[in-house]
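Here is a friendly walk through a protein structure, put together for reading beside your screen. Please keep the viewer open as you go.

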Amino acid sequence: MSETSASTILSVNNIEVIYNHVILVLKGVSLTVPEGGIVALLGANGAGKTTTLKAVSNLLHAERGDVTKGNIVFRGEEVQSLSPNDLVRRGCIQVMEGRHCFGHLTIEENLLTGAFTRRDGAAAIKASLEKVYTYFPRLRERRTSQAGYTSGGEQQMCAIGRALMSRPNMILLDEPSMGLAPQLVEEIFEIVKELNEKEGVSFLLAEQNTNIALRYATYGYILESGRIVLDGAAKALRENEDVKEFYLGVGGEGRKSFRNVKHYKRRKRWLA
Amino acid sequence: MAIFIETVLSGLMAGVMYALVALGFVLIFKASGIFNFAQGVMCLFAALTFAGIMEKTSVPWPIAFVLTVAVMVGVAWAVERFVLRHLVNQEPIILFMATIGLAYVLEGVGDIIWGSDVKVINIGLPSGAVDVLLDNFDIYLDKLEVFAALIAAVLVGFLAVFFQKTRIGRALRAVADDHQAALSVGISLQTIWVIVWSVAGFVALVAGIMWGAKSGVQFSLSLIALKALPVLILGGFTSIPGAIVGGLIIGVGEKLAEIYVGPMVGGAIENWFAYMLALAFLLFRPQGLFGEKIIERV
């Protein structure tokens with residue numbers, strides 16, 4: 001990958017994250033997101049995907065996590081010491097895993113909270129609201145329902161729509177497929193693609209569903225216990241034998257006994 | 001019949017006073033999920049400061065009022081800076097314990113600055129009986145209590161609009177629902193907490209003045225917070241109208257119980273009736289009359 005160039009919106013350089021001063025979660029993660037790109041961050045449970053995203057959005061601090069080494073550069077500015085609301089103002093917002101809508105607020109109120117940091121007046125916010133409704137017509141139908149009573153898919157749409165209301169340059173999307181039917185997952189990813197193409201929003205997306213993530217992303221990183229073990233263009237990753245075997249569930253040489261899998265030595269690489 | 005009406009009316013008025021205190025609790029609970037044990041002491045502290053400023057500087061009361069509001073905003077800021085900021089994302093019980101500590105600190109500071117003798121608040125609030133009722137129907141109703149009711153009504157109207165219609169109000173409710181998500185959309189918890197504690201401080205000041213005018217500013221003022229507890233359980237911790245209705249029910253209930261049931265059991269029901277009522281509510285309707293139901297999707 002090229003070093004921090006003009007077309008890079010986010011670069012994470014060799015960060016180490018420690019929770020509670022003792023638990024080392026990320027052991028030197030580096031990645032870059034190009035302007036207008038969709039980059040997937042893949043890996044199993046506990047690999048450190050969410051931690052990486054939260055390190056970028058600075059939500060780590062609320063969970064007693066700290067970035068102890070390395071730095072994070074968003075649009076040419078080091079951002080580790082900023083608060084989450086500073087980052088949202090600068091155009092980087094996270095959609096958290098598990099949706100986290102405000103259950104007692106209506107869908108519309110949820111969306112409006114996304115515009116909290118904006119200072120450009122009611123008319124502009126209203127226009128953004130309309131735009132969100134055109135991307136997510138379902139939200140318009142449910143605008144007056146309490147978010148807590150809407151379906152999982154609607155909540156995910158609400159969470160993404162809420163993030164859009166801040167007019168971001170970049171969305172950190174954490175596990176959008178969680179707990180959703182395959183059809184809905186497809187629908188959500190289609191919208192992500194559309195937002196990327198039409199609004200120019202860059203995405204860094206953490207996913208367990210490697211298959212769909214690599215179909216929509218342009219580039220992918222694979223995390224394993226706090227380290228990036230593999231990265232490459234999405235297409236190349238899809239073709240990669242290791243990825244096929246470990247993450248896509250199709251073995252390289254047809255059926256294989258699990259006994260052999262156990263002995264298989266994983267090829268790793270560490271990004272410095 | 002006159003006795004009955006008089007009892008109900010005086011109960012209603014006492015209820016309004018409870019409701020004023022309960023309002024402060026609801027505000028902080030709604031916006032941060034913290035049960036603020038120090039709310040009663042905040043009433044005491046605000047009233048003490050108000051009375052103290054008037055006593056020492058003899059400025060007219062509106063100026064003293066504004067100064068006291070400024071002091072309460074300062075308190076809110078300090079609470080956020082030195083207590084809440086360090087406890088983000090902790091268990092509610094830990095935050096609750098912190099407010100107990102806060103209660104002692106505020107009480108001590110109030111004592112040190114303004115002394116511990118009973119202060120009188122005399123700012124020309126109406127007092128005495130409402131003559132029309134006393135002359136025509138032989139019913140005694142204190143003007144101060146009627147006035148308190150009016151103030152409470154205005155406050156509630158103002159707060160309801162603030163919570164439902166404004167950007168800040170929406171953010172307050174968002175924070176109450178989900179701290180982390182609120183952080184993630186760029187709502188600054190620090191600002192929100194200073195705002196909500198300031199508003200609660202303001203409400204405490206109003207309640208403190210009303211109670212202070214009624215019975216003098218003294219330590220026992222902080223104990224009315226305990227009466228606010230059953231009010232909250234009845235009305236629901238998250239509902240502003242609930243605090244009002246809960247206050248009224250408790251006020252009327254305890255007065256009626258004292259008059260009509262009291263003689264059967266030897267009196268002094270007034271002191272524990274509210275808690276019995278709260279207990280019954282906890283058994284059958286834990287979220288209170290108007291509290292937000294815990295949303296469960298099936």
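The notes below go from the contact between the chains to the sheets and then to the salt bridges.

This is a predicted model. Chain A and chain B bury about 2600 Å² between them, and chain A also holds an open sheet of 4 strands and an open sheet of 6 strands.

**Where the chains meet**

- The contact draws on 32 residues from chain A and 27 residues from chain B.
- Of the area buried between the two chains, 57% is on carbon and sulfur atoms.
- There are 6 residue pairs in polar contact between chain A and chain B, with both residues at pLDDT 80 or more.
- By class, the side of chain A that touches chain B is made up of 12 nonpolar, 14 polar and 6 charged residues.
- On that side of chain A, at least two residues come from each of α2 (84–90), β6 (92–95), α3 (107–113) and α6 (152–164).
- The count of salt bridges between chain A and chain B is 1. For a look at such a pair, pick Glu109(A) and Arg173(B), whose side chains meet in a salt bridge at 2.8 Å, N to O.

**The sheet of 4 strands in chain A**

- Its strands follow the order β2-β1-β4-β5, and the pairing is antiparallel.
- At the edges sit β2 (23–34) and β5 (77–78) of chain A, each of which pairs on one side only.
- Strand β1 (residues 8–19) of chain A pairs with β2(A) over 9 bridges in the antiparallel sense.
- Two bridges to find by eye are Ser11(A) with Thr32(A) and Thr8(A) with Pro34(A).
- β1(A) and β2(A) form a hairpin with 3 residues between them, and in the turn Asn20(A) has a positive phi of about 55 degrees.
- Helix α1 (residues 49–57) of chain A packs on this sheet and touches β1, β2 and β4 (65–74) of chain A. The direction of α1 makes about 110 degrees with that of β1(A).

**The sheet of 6 strands in chain A**

- Here the order is β6-β7-β8-β3-β9-β10, with mixed pairing.
- The edge strands are β6 and β10 (227–233) of chain A, each pairing on one side only.
- From one strand to the next, the twist averages 15 degrees.
- Strand β3 (residues 38–42) of chain A runs parallel to strand β9 (residues 219–224) of chain A, and 4 bridges join them. In β9(A), Gly220(A) is the bridge partner of Ala40(A).
- α6(A) packs on the sheet, where α6(A) touches β6 and β7 (170–174) of chain A, and its direction makes about 170 degrees with that of β6(A).
- Helix α7 (residues 182–199) of chain A also packs on the sheet, touching β3, β7 and β8 (202–207) of chain A. The direction of α7 makes about 155 degrees with that of β8(A).

**Salt bridges**

- Over all chains, the count comes to 18 salt bridges.
- Glu77(A) and Arg90(A) form a salt bridge, with their closest N and O atoms 2.9 Å apart.
- Glu77(A) lies in strand β5 of chain A and Arg90(A) in helix α2 of chain A, so this pair ties together parts that are 13 residues apart in sequence.

Technical notes. Residues numbered from 1 in each chain as written. Chains lettered and ligands numbered in written order. Predicted model: local features only at pLDDT ≥ 70, side-chain atom pairs only at ≥ 80, totals over all residues. Heavy atoms only, no water. Contact = heavy atoms within 4.5 Å. Buried area = accessible area lost by both parts, 1.4 Å probe. Salt bridge = Lys/Arg side-chain N within 4 Å of Asp/Glu carboxyl O. Polar contact = N/O pair within 3.5 Å; in protein donor to acceptor, adjacent residues only side chain to side chain. Nonpolar A, V, L, I, M, F, W, Y, C, P; charged D, E, K, R; others polar. Pairing = 2+ DSSP bridges. Axes fitted to C-alpha atoms, helices over the stretch in contact; angles between N-to-C directions.
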